[in-house]
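Subject: Structure handover

Hello,

Here is the structure you asked for. Please open it alongside the notes that follow.

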Amino acid sequence: MEVVLSWIRFGLTAVGLLGGLIVVGIAVCGVYRFGYALNRMHAAAMLDTLGILFVLAALLFFWGISFASLKVLLIILFLWMASPVSSHLISRLEVTTNEKLEEECEVEKDGTC
C-alpha cells in the first residue's frame with residue numbers, strides 16, 4: 001500500500017511540474033511576442049501566479065507533510081499577495097507615463113485604459 005501511495009505522490013508531483021513548465025513556456029512566449037508593455041505584463045503575471053503555483057504545489061506533494069511544506073505554503077501565500085499588487089503598480093506607472101497610450105487603447109478621462 002505504501003508503494004502505491006508513493007507512486008501516486010510521484011504522479012502528482014510530475015503533473016504539477018509539467019503543468020508549471022507548460023504555463024511558464026506559454027508565459028515566456030507571451031512576454032516575447034506581445035509588443036505592448038501592458039500585454040507583456042499580463043503574460044508575466046500569469047507566470048507569477050499560475051506557473052509558480054503549479055511548481056510549488058508539486059514540491060508540496062513531493063515532500064508530503066513537513067516543515068519544508070509549511071515554508072512552501074508561506075511562499076505561495078506571499079507570492080499570491082505580492083504579485084497582483086506589484087503588477088497593478090507597474091501598470092499604473094505605464095498608464096501615467098506613456099504619452100502614446102491613446103494609440104494603443106481607449107483612454108478614459110481619468111487616464112486608465
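Ser-91 lies in helix H3; helices (H or I, at least four residues) and strands (E, at least two) are DSSP runs, numbered from the N terminus. Ser-91 counts as buried because its relative accessibility is 17%. The cut-offs are these: buried means under 20% relative accessible area, exposed over 50%, and partly exposed in between (1.4 Å probe, protein chains only).

This is a predicted model: local features need pLDDT of at least 70, side-chain atom pairs count only at pLDDT 80 or more, and totals for chains, interfaces and linings use all residues. Residues are numbered from 1 along each chain as its sequence is written, and side-chain values use heavy atoms, with hydrogens and water left out.

Back to Ser-91. What does the side chain of Ser-91 reach? The backbone oxygen of His-88, at 2.8 Å. Leaving aside neighbours within four places in sequence, Ser-91 is in contact with Leu-38 and Met-41. Contact means heavy atoms within 4.5 Å.

His-88 is also a residue of H3. At 45% relative accessibility, His-88 counts as partly exposed.

- His-88 and Ala-45: 43 residues apart along the chain, 9.9 Å between C-alpha atoms.
- Asn-39 and Ser-91: 52 residues apart along the chain, 9.8 Å between C-alpha atoms.
- Met-81 and Thr-49: 32 residues apart in sequence, 9.6 Å from C-alpha to C-alpha.

Asn-39 sits in helix H2. Its relative accessible area is 36%, so Asn-39 is partly exposed. Met-81 belongs to H3. At 59% relative accessibility, Met-81 counts as exposed.

Now H3 as a whole. H3 covers residues 67-97, 31 residues in total. At 1.5 Å a residue H3 should span 45 Å, and its end C-alpha atoms are 45 Å apart, which agrees. The expected span is 1.5 Å times one less than the number of residues in the helix. The buried residues of H3 are Ser-69, Val-72, Ile-76, Ser-83, Ser-87, Ser-91, Glu-94 and Val-95.

At the start of H3, a side-chain oxygen of Ser-66 comes to within 3.4 Å of the backbone nitrogen of Ala-68. Ser-69 counts as buried because its relative accessibility is 6%. Which residues is Ser-69 in contact with, leaving aside its neighbours within four places in sequence? Leu-60, Trp-63 and Gly-64.

The buried residues of H1 are Thr-13, Gly-16, Gly-19, Gly-20, Val-23, Ala-27 and Gly-30. Helix H2 (37-63) is included in what covers them.

Last, the surface. Met-1, Val-4, Leu-5, Ile-8, Leu-12 and Phe-61 form a nonpolar patch with about 610 Å² of accessible area together. Helix H1 (residues 2-33) gives the most to this patch, with 4 residues. Leu-5 is found in H1. Like charges are joined within 9 Å, and nonpolar side chains (Val, Leu, Ile, Met, Phe, Trp, Tyr) within 5 Å. Accessible areas come from the Shrake-Rupley method with a 1.4 Å probe; for residues, only the protein chains shown count as cover.

Best wishes

Key
Patches are made of residues with over 30% relative accessible area and no salt bridge: like charges are joined within 9 Å, nonpolar side chains (Val, Leu, Ile, Met, Phe, Trp, Tyr) within 5 Å. A salt bridge is a side-chain nitrogen of Lys or Arg within 4 Å of a carboxyl oxygen of Asp or Glu. A polar contact is a pair of N or O atoms within 3.5 Å; within protein, one must be able to donate a hydrogen and the other to accept it, and residues adjacent in sequence count only if both atoms are side-chain atoms.
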